[in-house]
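The exercises below are to be worked with the sequence and the coordinates at hand. Each task is followed by a solution in steps.

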There are 2 protein chains.
Amino acid sequence: RSSTYICFSFVNAFPVILLDLLPAKNGEEATMQFLLELVDILTNYVRKTFDRSTKVLDFHHPHQLLEGMEGFNLELSDQPESLEQILVDCRDTLKYGVRTGHPRFFNQLSTGLDIIGLAGEWLTSTANTNMFTYEIAPVFVLMEQLTLKKMREIIGWPSGEGDGIFSPGGAISNMYSVMIARYKYFPEVKTKGMSAAPRLVLFTSEHSHYSIKKAGAALGFGSENVVLLSTDERGRVIPADLEAKILDVKQKGYHPLFVNATAGSTVYGAFDPINEIADICEKYNMWLHVDGAWGGGLLMSRKHRHKFSGVERANSVTWNPHKMMGVPLQCSAILVREKGILAGCNSMCAGYLFQPDKQYDVSYDTGDKAIQCGRHVDIFKFWLMWKAKGTVGFEQHIDKCLDLSQYLYDKIRNREGYEMVFEGVPQHTNVCFWYIPPSLRGMEHNSKEYREKLHKVAPNIKAMMMESGTTMVGYQPQGQKVNFFRMVISNPAALQSDIDFLIDEIERLGRDL
Amino acid sequence: RSSTYICFSFVNAFPVILLDLLPAKNGEEATMQFLLELVDILTNYVRKTFDRSTKVLDFHHPHQLLEGMEGFNLELSDQPESLEQILVDCRDTLKYGVRTGHPRFFNQLSTGLDIIGLAGEWLTSTANTNMFTYEIAPVFVLMEQLTLKKMREIIGWPSGEGDGIFSPGGAISNMYSVMIARYKYFPEVKTKGMSAAPRLVLFTSEHSHYSIKKAGAALGFGSENVVLLSTDERGRVIPADLEAKILDVKQKGYHPLFVNATAGSTVYGAFDPINEIADICEKYNMWLHVDGAWGGGLLMSRKHRHKFSGVERANSVTWNPHKMMGVPLQCSAILVREKGILAGCNSMCAGYLFQPDKQYDVSYDTGDKAIQCGRHVDIFKFWLMWKAKGTVGFEQHIDKCLDLSQYLYDKIRNREGYEMVFEGVPQHTNVCFWYIPPSLRGMEHNSKEYREKLHKVAPNIKAMMMESGTTMVGYQPQGQKVNFFRMVISNPAALQSDIDFLIDEIERLGRDL
C-alpha cells in the first residue's frame, strides 16, 4: 500500500553548490533537495498548464529574449552558476515557453500533456540508457518488441509478424520506408550505389508530407523523381492519376518503385484510398507505404479504422504515437511486413557493439537494423500509457477528438463569416476554414483584391492571438488557396467550451480587419 | 530565497485511478500525488545508482523477462491498469534495467548520470515541445543557436560563424556531413539524384565509426564507394595512404568527394592527424569532416585540445555532448563552417509549417534545415549543464577522466597477465588490453590454439561480470586482433578505487579460465 503523505525535509539551507551534488561524497541530501525543488517548479507548471485562466504563451520576439528578460540570460559562460540560479533559469525557461498541453493549444498535430506519458519520460531520463543492445536496455528492448508486434497486429498483418523500429520522428520513419523499398527491389544499391539501379521513381500525393520528397533528395533519388499525384477536392489521391503517371514513367524507361499513401494528411486530414492504390501497386510490382504518422491513432478506434481499409496490404507503415495518441515527443514507429529486411538493408555488423559471442540471444540487439547507432528510449512512455489506458483508453481518446472536431465543423459550416476549404465532414480532426471579416463579406470571391486581403486575415489574427496569448491555431496556403486556418484536435484536455472560445477569439480579433 | 523544507500532503488515499488525473476536473491533487510517488521511486533509484554496494545490473535472459518476473508483465492489454500497478511497473522497469550511472559501469562511451542534466530532461519532457519553429519553442531555439555558436567558437571558426543543428545522434550527424558535402560540390543531386554526379567516393579510416559506411549506403553512394584508409599501430590514419587512394580513385575516373577524420575512434580512441589530412583535402578540393562524436569533449580542455589541432580547417564537425561530456542521451551536434548550406541542402519550404508571413523573424525557424520534421528538444539539458558547470567545469571533468585512464594504463601496462593492444599512453580514455589467464601465460602467441583460447577470454569474463552484476566493460575483436577489453572512462562518478575494483574483478573472474 502506498503512502498518502510524502514529506521531504532538509537540514541544510539553500543554496547548495554543484559540487555538493552526487556523485559527491555525502551528496545525497543536497541532490534530493535540488531535485525536489525542481519538481516543485515542474508540478506548478503542470498545474497551470491545465488552468484556463493562464495564458498559452507570453510572446516575445527573438531579439527581446536575446537581450535578456529581467535577468534571464541565455548566454553561456566560463564560470558556474549557483544552483539557486539554475532553478531560476528553469522557472524562466518555462515562463517564456509555450504551454503545448494547454486546453486551448491547437497549433500542432502534437498537443497535450499526458501525465502518464510525462511520468514515463521522467523515468526514461533517469534510466538514461540506449536502445542499441539488449545488454544495456533489456527491459526497454523487450517493451519495444512487444509493442511493435501489437501495432502490427492492429494493422492486420498475420499474427503480428514482421519488423519495425522506433525512430526519431515521422520524417525518419518515412525515410526508412524508401530505403527498404529500394533494398527490396535493388539490394545491390546498398553496396554499389544508385548507379546500380535504373532511374527509380517515387509517387506521393501533392497533399502528402514533405518528408517523402526530402527522403527522395537525401537518399539520392532526386526530388524530381518524386512524382506528385493529383487529388480530389478532399485532398485524396486519385488512383487513376497514379496509374497514368506510372505508365508515363515506364514509357520514359524509368522504374516506378514506391507509392506513399497518406493516411491523414497534414493539412486536410485526408485518407488516400489504400485498397485502390494497393491494387495498382500489385499490378506494377511496387512497394506500398502508408504514411499514418498523423492518422495512425485511428487504427485504435473501431468507429474510425475503416478509413485505413486495406492497410494490411501495405509493405510498410509509419505511425507516430506522439501525434494523435498524445504520447510525449518523440515517439514514431516504422512498421514493416517483411521480417528481417530492416537488418538486411541497414546492417554493417560493427564488431565493437554487436558481438556475436555474447552470453544471451543476440537477435534481441536492435542497433544494426537502424540508421542510427545510439538510439534514445522512446518506447517506455508509450508502453506505460498503453498499460494505464488500455487499448480502450486510446480508442476513447480518438473518438472524443473526432467528435470534438465534428462539433467544430457543425458549428461553423453555416455560420456567418466562415467558409469551409472543402465540403463534407472531415475524415480526421482537421477542420480547414477561412474566417471572412465583415469588411470582406459580399466582395467578389474571384477578385484579386479579395484574395489578397483574405490571404492576410489568418496571419493577422494569428499574430494577435500570439500577442494576447489566449490560444494558438495553425494556418497556411495550399495550392491556389490563400491562407486559411487549419484546426486540429489531439489535445485530451480540450472541451467543447474551448472550441467555442476559439471561435469567439477569432471573431473578436478579426472583426475589424 | 528558496525553501529548505518541502512537504506534500494528500487527503485522498491511494490508489487514484487514471481518470482522476489531470485534465480531469479537480484532478490536481491526484496528479500531484501520483507524480510525487513516482519521484520518490526515481530519487531512490538515483540514490542507489551512486551506491557502490548496489549491483550495476540484475541480469536476466530475454526469455526470463518475457515469461514475467514476479508479476512484472510486459504484455499490453485492452483494459487499463490501476495507477498503483503503474507505479509497480515503474519500479520493476528500473529494477531489471542497467544502472548506466553506476560508478562501475564502463560499458559504453555514454555513461554517468549528471544530476543537472537529469533535471534538464525532466523539464524538457514537461515542456513537451518541438524544435522546428520559434513559434512553439522560442527559448529552446535561441538556446540551441547560442550553444551552437559557442561550440563553433571553441572549434575555432572566426567569430563562431557558420551553421549547425542538434540531431538524434552521431550517426545522423555524420550522415548530415556527407549530405552537405555532396550538396556543396554537386547541388543538382538534390533534384536530379545521384545520376547527375560522377561516381563519388568517400574516405574514412578502417578504425572509424561504421556510420560513415552506413551513410554511404543509405544516401545512394554505395558502401563500396566508401574507401577505408590504413592506420598506424595506434589506429591513426596514415596521410600518405589517403593521398595514394585518392589518386587511385581519380585514375579510375571517379570523383573523390569527402574525407572523414576521426577525432577519438570508438575502439582505440585514436585521433587522426587533422592538419595533414586537411592539406590533402585542400590539394584535391575535397570536403573535410571531423567525426568528434567521442573526442569532441576534449576541445573543452586546454590540456588535451591539441589532439584536435587543425580542426578549424574542417568543413564540418560532429560532436556528441552525450558522450564524453556526460549529457544525458540524446545530444549530438553537427557543426558546419559555411552558413546557410544546411538549409540549402535540406529545405523543402513546407507551407503549413514555415509560413513566411509570420509576425516574427522567421529566420529563427530551424525545421527546414533538418532532415527531420518534428525534432526533440535535446538542447536544454546541455545548456543547463553548461550554466551549472561553466566551461571550466567541463574541462575539469575531461581532465579527470583522462587522468583516470592514465592511472589504469600505468597500473596494467607492466602487470602480470596483461597485454596492451597498442603501445603508449592512450590519446583518449580508451585503454585496450588483453587479460591473459594463468593457463594461457607462456603459450606461443602466434599459435592457433592460443589465439582461439584468448579470443574466448573476454566474452567469458564479460558474461560472468554480467551474471554477478558487479561491473560492466566492453570487448571486441579488431582486424586480426582477437577479442580484447576496451575500457573507456566518461563516468563522473568513477574513482581510482573503481578502476582498482575492475582489475580485481577481471582477475577474480578470469583466474581459472
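**Exercise 1: the contact between two domains**

Domain 2 of chain A and domain 3 of chain A together bury about 2300 Å², and carbon and sulfur atoms account for 56% of it. The model is a predicted one.

Solution. 
1. In the contact count, 28 residues of domain 2 of chain A touch 28 residues of domain 3 of chain A.
2. For polar terms, there are 13 residue pairs in polar contact between the two domains, and two salt bridges.
3. K303(A) and D403(A) form a salt bridge, with 3.5 Å between the closest N and O atoms.

**Exercise 2: an annotated lysine**

Task: state where K323(A) is found and decide whether K323(A) is buried or exposed.

Solution. 
1. In the unreviewed UniProt entry, K323(A) carries the annotation "modified residue: N6-(pyridoxal phosphate)lysine".
2. K323(A) is in the loop between β8 (316-319) and β9 (332-336) of chain A.
3. The relative accessible area of K323(A) is 15%. Buried means under 20%, so K323(A) is classed as buried.
4. Neighbours within four places in sequence are left aside; the contacts of K323(A) are then L109(A), S110(A), A293(A), W294(A) and S490(A).

**Exercise 3: a covered helix**

Task: determine how many of the eight residues of helix α8 of chain A are buried.

Solution. 
1. Helix α8 covers residues 211-218 of chain A, and seven of its eight residues are buried.
2. The buried residues are S211(A), I212(A), K214(A), A215(A), G216(A), A217(A) and A218(A).
3. Just after α8(A), the phi angle of G220(A) is positive, at about 95 degrees.

**Exercise 4: the interface of two chains**

Task: describe the interface of chain A and chain B by area, contacts and salt bridges.

Solution. 
1. About 15100 Å² is buried between chain A and chain B, 65% of it from carbon and sulfur atoms.
2. The contact involves 168 residues of chain A and 168 residues of chain B.
3. Ten salt bridges cross the interface; one of them joins K192(A) and E224(B), at 3.1 Å from N to O.
4. Polar contacts link 65 residue pairs between the chains.
5. On the side of chain A that touches chain B, helix α1 (residues 28-49) of chain A gives the most, with 16 residues.

Notes
Residues numbered from 1 in each chain as written. Chains lettered and ligands numbered in written order. Predicted model: local features only at pLDDT ≥ 70, side-chain atom pairs only at ≥ 80, totals over all residues. Heavy atoms only, no water. UniProt positions renumbered as here; feature names shortened; annotations may be inferred. Helix = DSSP H or I, 4+ residues; strand = E, 2+ residues; numbered from the N terminus. Buried < 20%, exposed > 50% of the residue type's maximum accessible area, 1.4 Å probe, protein only. Contact = heavy atoms within 4.5 Å. Buried area = accessible area lost by both parts, 1.4 Å probe. Salt bridge = Lys/Arg side-chain N within 4 Å of Asp/Glu carboxyl O. Polar contact = N/O pair within 3.5 Å; in protein donor to acceptor, adjacent residues only side chain to side chain.
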